[in-house]
Amino acid sequence: MNDALILSVRGLRKVYRVGDVDVNALRGVDLDVKRGEFVSVIGPSGSGKSTLFNILGGLTPPTSGTVLLDGNDLLAMSDRQRTNLRKRTIGFVFQKYNLLPTLTARDNIEIARYIARHDGEPDPHFNDVLKLLGIENRLDHKPRALSGGEQQRVAIARGIVNHPAILLADEPTGNLDTENSNTVLTLLRDLNQRLNQTILMITHNPEAAAFGHRIVSMRDGRIVHTTATELTPKQPELFP
Amino acid sequence: MILTLVGVSRGLLQDQIRRSRGIGADIIVRAPGSAILSLGAGFSQNFIPYLEKQPHVAMATGALIQGTGFLSSVTGLDLPEFEKMSGPFRFISGRAFEKPDEVVVDEYYAQQHNLHAGSYITMLNRRWRVSGVYESGKLARVIIPLARLQDLTSNTGKVMVVYVKLDNPANTQQVIDYLKAHGMADYKIDSMEELTSEYSVNNVPMLRQFIAVVVALGVVVGFLVVFLSMYTAVLERTREIGVLKALGASPALILNILLRETTVLALMGSITGILFTYVARWLIMTYATGGLIQAIVPDWWPIATGLALVGALLGAAWPGAKAARQDPIEALSYE
């Protein structure tokens, strides 16, 4: 795998068994994502983008093909190995935020560090990330006391606290109004540009997809075309 | 539940012991066939002067006891004679009875029945005026004149028990042996010390088995409640477990988190249960009639806590293990 590539997918297929019927969710997907790239995957319902998200996130194994994520071959990995991979290599942002309701925002972020066995305080730069996300004063609140936009920003903080190789976002603005959607998308783009965080975002919204460097369109389990946006990946602008 | 039930059984026995010791007697004489908690038939109170003539006997006084309901009874006493033996009654309010239809009650009975000096209660199909409320620890909870109770229960001239005070408690066994050798072999004659030592869980027929059954029921009910609660809690938290799995938590870690949470819940539940025994005691003392007394049983606290912990952990382990093995995608899509 090219050193610049964080993700390389070749001939990826996924077949689900529903009753007596085989459902071909992915029918041979090829996709490369460079380190520091922000890729949007767009497509209608049933196009296979969520299945792609689940496979790239190590949540379900592929049926065939090759998936190299940060040098790890997902097809060859056991369930336990994929679980371990998710600890540090992959960050998730979900449509429904999926914060633990009994924990504060701070603890929701900390539990990701706990699971990844990161001891001690988060690195000092992470406080800057929290400021960038605008949640530094909301950390002691539980999810029910936060707005949808704030919850999603906490979820983003949780997704990147372990410095994952790739942040996978599944419809991150699907439950948000326009203003909060723009805020979250702008933050994702800022994180990508400032921290060189690789992001792969699933969306059905073309406006949201335009926040990425590249838009990958899917239909019927295949990538039908790829479009570069006006944005280009930048050199990382590290925090002082 | 367990602590309250054990507390009630022990409380009743301890109260019985305290009241028996408050009599001030050294020997108790009961009719043939009497048991620890039942006094059998009455016998002639002419035994009292007979007993008083025996060597080393300082004084004797009789009592008649009549049941008035579940765990409640009324005791007939010759109060001046009894006070000579036990020492004077300390009245919290009012005075000793002076008329035939007057009654004195102890503070527990007064509290449970909301009585005070001057109140009226109905007992033995009659209305009685409470002439005084005395400090608990004197043989009985409800006392009326002996002659009046003998008359009302057709036991004229009879008593059910005679308390004997000796010139020196060291002579107790010698006097018991003497009495048995001199025409009272069939009577139950015991030292008060012996009698009170018999008031234990092990010596009351079936009480030990009763407590064992209650505890076993408590364990089974507690286990099922905890098991079903945990099962429901785990189902409700399927999505949370999916999040943990997505974040890379192994099944062992998820189970570990669930069991630790269960342990904290069980310990908090146990502490709450212990605190509730105080509430239960207050409720029993305030509202329960029939002379129920609930003791606080600290020696059972670790046992009850252990039972709660084991039940909760076993109840949580199965659904917890099942949840920890769930497919993360299925768990995340759980509504």
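In chain A, helix α4 is followed by A:G134, whose phi is positive, near 75°. Helices are DSSP runs of H or I with at least four residues, strands are runs of E with at least two, and both are numbered from the N terminus. The model is predicted: local features need pLDDT of at least 70, side-chain atom pairs count only at pLDDT 80 or more, and totals for chains, interfaces and linings use all residues. Residues are numbered from 1 along each chain as its sequence is written, while chains are lettered from A and ligands numbered from 1 in the order in which they are written.

Helix α4 of chain A spans residues 124-133, and its buried residues are A:V129, A:L130 and A:L133. Viewed down the axis of α4(A), these buried residues fall within an arc of 100°, so they line one face of the helix. The arc is taken from the directions that run from the helix axis to the C-beta atoms. The face turned away from the buried side of α4(A) carries the exposed residues A:P124 and A:K131. A residue counts as buried if 20 or more other C-beta atoms lie within 10 Å of its own, as exposed if 12 or fewer do, and as partly exposed in between; C-beta atoms are placed from the backbone. The cover over the buried residues of α4(A) includes α5 (148-160) and α6 (178-195) of chain A.

Chain A also holds an open sheet of four strands, in the order β2-β1-β4-β5, with antiparallel pairing. Its edge strands are β2 (21-34) and β5 (72-73) of chain A, and each pairs on one side only. Two strands pair if DSSP finds at least two bridges between them. Strand β1 (residues 5-18) and strand β4 (residues 64-69) of chain A pair in the antiparallel sense over five bridges. A:R10 has A:T66 in β4(A) as its bridge partner.

Chain B contains 12 helices and 12 strands. Of the 335 residues in chain B, 36% are buried. Two residues are in contact if their C-beta atoms, placed from the backbone, lie within 7 Å. Among contacts in chain B between residues at least 6 apart in sequence, 79% join residues at least 24 apart.

The two chains also touch. The contact takes 12 residues from chain B and 13 residues from chain A. On the side of chain B that touches chain A, α9 (238-246) and α12 (328-332) of chain B are the elements that give two or more residues. Helix α9(B) gives the most, with four residues.
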